[in-house]
Amino acid sequence: MPTNKQRREQAQRRLQRQLERREQIARTRRRNLLIGVTVLAVLAVVGAFFIITGLADDDPDSTAAPSSTSAASSASAAPAGQTTVAGPCTYTTDGTASAGAEVTPPSGDIATTGTLALTMATNFGDIGLALDQATAPCASASFAALSQQGYFDGTPCHRETDSDSLKVLQCGDPGGTGRGGPGYTFPTQVTGSETYPRGTVAMANSGSGTDGSQFFLVFGDSTLPPDYTVVGRIDDPGLAVLDTIAANGNDGANGTGDGAPTQPVTITAMTPAA
């Protein structure tokens, strides 16, 4: 027969084993809970990533404002980097030039005074542009470089908007999708007091610092936030050409009063004014 002491020792051993098993079970539960929380966190991050990238891939055009997005899927390979030229401008290459429209950003001195006069020849007639190199030197220099390389020649103006608050013709994407660009971007130059009356030439963008090759010509006073570089003015004969284009309307593909011109508009050439 076991003595009372032996019975107490056996009971203590059983209790110790029970406590050890309970601790082991608790550790296992904590480990499983931690794994579950980690998996949920990873799934949340992955889900957020796809939501963000999905939004980024949405069509950037809207009736609210001119916009442009470079699309890597239609891009040619190019090394990413920066080119800083004399003056205030940094042109950042992003490897997303529209296929078949590879160009190089401006180089050399950037003019910061005077006016750059260009003639934008279209199938509807010539539109004279006077670009302000003092207030928009980076955009003016980009226009000059792209024109010299024939970037705009034979390209469509893909969007015409004639809503109550926005009356513009948007051009500068060789592919005509609203997503193409020259493979580089440069700083948006705004002061916060910009307005967009009839006759304005301004740069389209998909956010500050993403100016590229797309631009819009304002044929009627438009209400926009001061987020778009005002690069210059349109001459009176050019406004008459724009009025003819606007009278033809658009297909409404992007919403009421916003879409591709019903009569295709093509830039046949962009050259220095005679």
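Before I start, keep in mind that the model is predicted.

Let's begin with helix 2. It covers residues 137-148. How far apart should the ends of this helix be? At 1.5 Å a residue, its twelve residues should span 16 Å. The end C-alpha atoms are 16 Å apart, so expectation and model agree.

Is helix 2 mostly covered or mostly open? Mostly covered: eleven of its twelve residues are buried. Look for Pro 137 and Cys 138 among them. Now step just past the helix. Gly 150 has a positive phi there, about 70 degrees.

Next, the rings. The count comes to ten aromatic pairs. I'll show you two.

Take Phe 152 and Phe 215. Their ring centres are 5.8 Å apart. The planes make an angle of 85 degrees, and the pair is edge-to-face. Where do these two residues sit? Phe 152 is in the loop between helix 2 and strand 7, while Phe 215 is in strand 12. They are 63 residues apart, and the pair links distant parts of the chain. Both Phe 152 and Phe 215 are buried.

Now the second pair, Tyr 196 and Phe 216. Here the centres are 6.3 Å apart.

Tyr 196 has 2%, so Tyr 196 counts as buried. Phe 216 has 0% and is buried as well.

Back to Phe 152 for a moment. Ring pairs link Phe 143, Tyr 151, Phe 152 and Phe 215 into a cluster.

Last topic: strands. Strand 13 covers residues 230-234. Strand 6 joins strand 13 through three bridges, and the two run antiparallel. Strand 11 also joins strand 13 through three bridges, again antiparallel. Which residue of strand 13 stands opposite Leu 131? That is Gly 232. Gly 232 is also the bridge partner of Val 201. Find Gly 232 in the structure, and you can trace both contacts from there.

Key: Residues numbered from 1 in each chain as written. Predicted model: local features only at pLDDT ≥ 70, side-chain atom pairs only at ≥ 80, totals over all residues. Heavy atoms only, no water. Helix = DSSP H or I, 4+ residues; strand = E, 2+ residues; numbered from the N terminus. Expected span 1.5 Å × (residues − 1). Buried < 20%, exposed > 50% of the residue type's maximum accessible area, 1.4 Å probe, protein only. Phe/Tyr/Trp six-rings, centres within 6.5 Å; stacked < 30°, edge-to-face > 60°. Pairing = 2+ DSSP bridges.
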